[in-house]
Amino acid sequence: MPELFAYTDGACSGNPGPGGWGVLLRAMDGDTIVKEKELSGGEAETTNNRMELLAAINALESLARPSTITVVTDSAYVKNGVTGWIFGWKKNGWKTSNKKPVKNVELWQRLDVAQARHKVTWEWVKGHAGHPENERADELARAGMAPFKTKKSA
């Protein structure tokens with residue numbers, strides 16, 4: 001059975017501003033790539049954190065059936081949120097420890113539902129550090145942002 005990986009990234013020009021998300025999905029059999037799929041998208045007015053979340057969400061939502069997958073992100077916000085903070089937020093009715101509403105709550109809730117279907121391992125990698133799959137996810141995120149950058153500056 002091949003191992004599944006999703007390399008995810010978000011990008012934003014200005015924060016807020018036009019943004020994009022990218023995903024490199026890869027099925028591996030040992031060191032051999034069995035299958036690969038690329039996803040990307042974007043929004044005209046968004047934030048980097050929202051794009052990082054949408055990359056992870058779209059990676060998980062794109063899987064046709066429940067899967068065991070490793071999601072690799074360069075976003076400490078996503079990794080820390082989904083592996084730690086989210087449990088307290090849910091317990092506190094989607095409020096932070098200071099009783100403030102969780103930012104991007106609708107995306108955190110969507111990510112919570114998306115990951116519940118799967119057995120997910122979350123890994124963090126340093127962004128822009130020459131990690132080939134992370135660099136490709138970054139390129140896809142920038143491609144997802146491109147149509148919105150053009151519209152805004154036109």
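What percentage of the 154 residues of the protein chain count as buried? The value is 46%. Keep in mind that this is a predicted model.

Start with the whole chain in cartoon view. The protein chain holds four helices and five strands, and from the N terminus on the order is β-β-β-α-β-α-α-β-α. The radius of gyration is 15 Å, close to the 15 Å given by the globule rule for 154 residues, so the protein chain is as compact as a globular protein of that length. Along the principal axes, the C-alpha atoms fill a box of roughly 45 × 45 × 30 Å.

Next, select residues 17-29, which make up strand 2. Twelve of the 13 residues in strand 2 are buried.

Now select residues 32-46, strand 3. Strand 3 is antiparallel to strand 2, with twelve bridges between them. Glycine 20 stands opposite glycine 42 of strand 3. The hairpin of strand 2 and strand 3 has two residues between the strands, and glycine 30 in the turn has a positive phi of about 65°.

Finally, switch to a surface view. The accessible surface of the protein chain is about 8,200 Å², with 53% belonging to carbon and sulfur atoms. Colour by charge: the mean positions of the 21 positive and 18 negative charges are 9 Å apart.

Conventions. Residues are numbered from 1 along each chain as its sequence is written. This is a predicted model: local features need pLDDT of at least 70, side-chain atom pairs count only at pLDDT 80 or more; totals for chains, interfaces and linings use all residues. Side-chain values use heavy atoms; hydrogens and water are left out. Buried means under 20% relative accessible area, exposed over 50%, partly exposed in between (1.4 Å probe, protein chains only). Two strands pair if DSSP finds at least two bridges between them. The radius of gyration is taken over C-alpha atoms; the globule rule is 2.2 Å times the number of residues to the power 0.38. Accessible areas come from the Shrake-Rupley method with a 1.4 Å probe; for residues, only the protein chains shown count as cover. Lys and Arg count as positive and Asp and Glu as negative; His and the chain ends are not counted. The place of a charge is taken as NZ of Lys, CZ of Arg, CG of Asp or CD of Glu.
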